[in-house]
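Please keep the sequence and the coordinates at hand while reading.

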Amino acid sequence: MKSNNAFEMNPLGFEMGLVQGWAAIVMGILSGSVPWFTMMIVHKKSKLLQKVDDTLGVFHTHAVAGLLGEILTGFFAEPELCKLFLPVTNSRGGVYGGKGGIQVGKQIVGGLFIIGWNLVVTTIICLAIKLVIPLRMPDDLLVIGDDAVHGEEAYALWGDGEKYDSSKHGNYPDETLDPKLSTGATQVV
């Protein structure tokens, strides 16, 4: 699509879209519930996803939610809003009929481009870092846990079949047994 207006298309050539307020509410509800469902239900049932160490749910909160937002923007893109706020033509979402499916397709292509871009660039960055330092801790340190190795262990819960190990966690399994006196603002009176 050729254009005399430099702002009509974004630099990648994919058209953009704006949505109505009601569509934004629907998108917000879906962008909260669908990634939660994939993280809490699908992740636990998928053997492939269980092999991935994604403690913070980055895949679900960024990849799933991002691609969902990309597709829903194409689905709900309101042609009149796009004309008012962006010098973009032919941005008709799937909801508004006509050639609305084309906008959804453009949004999917844009999302797939971003996924590919992230894979390539992240791989290059990791390979560069790997030249300087290892990307993974040795297995014997991973058994302890990466937070504990760095001295950042926040909780020591001894009810899950674990035994207290004073060599890893200090001399006192319970702070009430610690003979040290409290000082400062937390001083016991």
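## The largest pocket

The largest pocket is lined by 19 residues, and those nearest its centre are Val-58, Phe-59, His-62, Ala-63 and Asn-118. The model is a predicted one, and the volume computed for this largest pocket is about 570 Å³.

Two helices, H3 and H5 (100-130), each supply at least two residues of the lining. Helix H3 gives the most to the lining of the largest pocket, with eight residues.

## The chain as a whole

The secondary structure of the protein chain comes to eight helices and zero strands, so that, read from the N terminus on, its elements run α-α-α-α-α-α-α-α. Of the 189 residues in the protein chain, 19% are buried, and the accessible surface comes to about 14,200 Å², with 64% of that area belonging to carbon and sulfur atoms.

For contacts in the protein chain between residues at least 6 apart in sequence, 54% join residues that are at least 24 apart. Several pairs of residues described below are separated along the chain in this way, and their C-alpha distances are given with them.

## Helix H1

Helix H1 covers residues 21-45, and its 25 residues reach 35 Å from the first C-alpha to the last, which is close to the 36 Å expected at 1.5 Å a residue.

Val-26 lies in helix H1 and has a relative accessible area of 30%, so it counts as partly exposed, the class between the limits of 20% and 50%. Val-26 and Phe-76 are 50 residues apart in sequence, while their C-alpha atoms are 9.7 Å apart in space. Val-34, likewise a residue of helix H1, is partly exposed at 30% relative accessibility. When its neighbours within four places in sequence are left aside, Val-34 is in contact with Val-64 and Leu-68.

## Helix H3

Helix H3 has 19 residues and reaches 26 Å from its first C-alpha to its last, close to the 27 Å expected at 1.5 Å a residue. Its buried residues are His-60, Val-64, Ala-65, Leu-68, Leu-72, Thr-73, Gly-74 and Phe-76. Val-64 and Leu-68, which are buried in H3, are thus the residues that Val-34 touches once its neighbours within four places in sequence are set aside.

Ile-71 lies in helix H3 and is partly exposed, since its relative accessible area of 29% falls between the limits of 20% and 50%. Apart from its neighbours within four places in sequence, Ile-71 is in contact with Val-104, Gln-107 and Ile-108. The C-alpha atoms of Ile-71 and Val-109 are 9.6 Å apart, with a separation of 38 residues along the chain.

## Gln-103 in helix H5

Is Gln-103 buried or exposed in this model? Gln-103 lies in helix H5, and it is buried because its relative accessible area of 1% is under the 20% limit. The C-alpha atoms of Gln-103 and Thr-73 are separated by 8.8 Å, and the two residues are 30 apart along the chain; Thr-73 is one of the buried residues of H3.

Technical notes:
Residues are numbered from 1 along each chain as its sequence is written. This is a predicted model: local features need pLDDT of at least 70, side-chain atom pairs count only at pLDDT 80 or more; totals for chains, interfaces and linings use all residues. Side-chain values use heavy atoms; hydrogens and water are left out. Helices (H or I, at least four residues) and strands (E, at least two) are DSSP runs, numbered from the N terminus. The expected span of a helix is 1.5 Å times one less than its number of residues. Buried means under 20% relative accessible area, exposed over 50%, partly exposed in between (1.4 Å probe, protein chains only). Contact means heavy atoms within 4.5 Å. Accessible areas come from the Shrake-Rupley method with a 1.4 Å probe; for residues, only the protein chains shown count as cover. On a 1 Å grid over the protein atoms alone, a cavity is a set of points where a 1.4 Å probe fits but cannot get out, and a pocket is an open set with protein on both sides within 12 Å along at least five of seven lines; lining residues have an atom within 4 Å of a point. Grid points are joined across faces, edges and corners, and a volume is the space filled by probe spheres set on the points.
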